[in-house]
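Dear colleague,

Please find below the structure that I am handing over to you. My notes on what was found in it follow directly after.

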Amino acid sequence: MGMYDEVNFKCRMPDGYEGGQFQTKDLFCRLDSYVINPAGRLIREKSWDENDRPLGDMDYSDALTLCAFDSDTRTAHFYDLQFVDGTLIEILCSNTAGWQAFYPAPETLQPVED
């Protein structure tokens, strides 16, 4: 199977899948852990060599393919995510037609206190 990186993305995908935990071979394939935050930014959270691959916002601007396997339905889910200027803007599912826009949450949004 080979090496890959893990991406945690808590989002309902355009096909309705809500897996949260995905794999990708589009980054460094060194078993690093990433998260896509609500603002749509790709963040490296864990790396086996933080000197070579520091933690933090990747400022990623390219396509990123994610894959998840649903053990309940025995189905693989594939998604292409498009990042521009470091922010996720669109998602394409392998089994749906067309790209769906991703609307990031403002990073400065704070909960209202009563």
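**Salt bridges**

A search of the whole structure finds four salt bridges, a salt bridge being a side-chain nitrogen of Lys or Arg within 4 Å of a carboxyl oxygen of Asp or Glu. Please note that this is a predicted model, in which local features need pLDDT of at least 70 and side-chain atom pairs count only at pLDDT 80 or more, while totals for chains, interfaces and linings use all residues. Residues are numbered from 1 along each chain as its sequence is written, and side-chain values use heavy atoms, with hydrogens and water left out.

One of the salt bridges joins Arg 44 and Asp 32, at 3.6 Å from N to O. Arg 44 lies in strand β4 (residues 42-46) and Asp 32 in the loop between β2 (21-24) and β3, so the pair ties together parts that are 12 residues apart in sequence. Arg 44 is buried at 3% relative accessibility, and Asp 32 is buried at 0%; buried means under 20% relative accessible area, exposed over 50%, and partly exposed in between (1.4 Å probe, protein chains only).

Asp 57 forms a salt bridge with Arg 41, with the closest N and O atoms 2.8 Å apart. This pair links distant parts of the chain, with Asp 57 in strand β5 (residues 56-57) and Arg 41 in the loop between β3 and β4, 16 residues apart. Asp 57 is partly exposed at 41%, whereas Arg 41 is buried at 14%. Arg 41, Asp 57 and Asp 59 are linked in a network of salt bridges.

Arg 12 forms a salt bridge with Glu 18, the closest N and O atoms being 2.7 Å apart. Arg 12 counts as exposed, at 55% relative accessibility.

**Fold and core**

The chain has zero helices and nine strands; helices (H or I, at least four residues) and strands (E, at least two) are DSSP runs, numbered from the N terminus. Of its 114 residues, 35% count as buried.

The largest nonpolar core has 20 residues, and those with the most contacts inside it are Phe 9 and Leu 81. Such a core is a set of buried Ala, Val, Leu, Ile, Met, Phe, Trp, Tyr and Cys residues joined through side-chain atoms within 4.5 Å. The elements giving two or more residues to this core are β3 (33-36), β6 (63-70), β7 (75-84) and β8 (87-93). Beyond its neighbours within four places in sequence, Leu 81 is in contact (heavy atoms within 4.5 Å) with residues including Phe 9, Met 13, Ile 36 and Ile 91.

Yours sincerely
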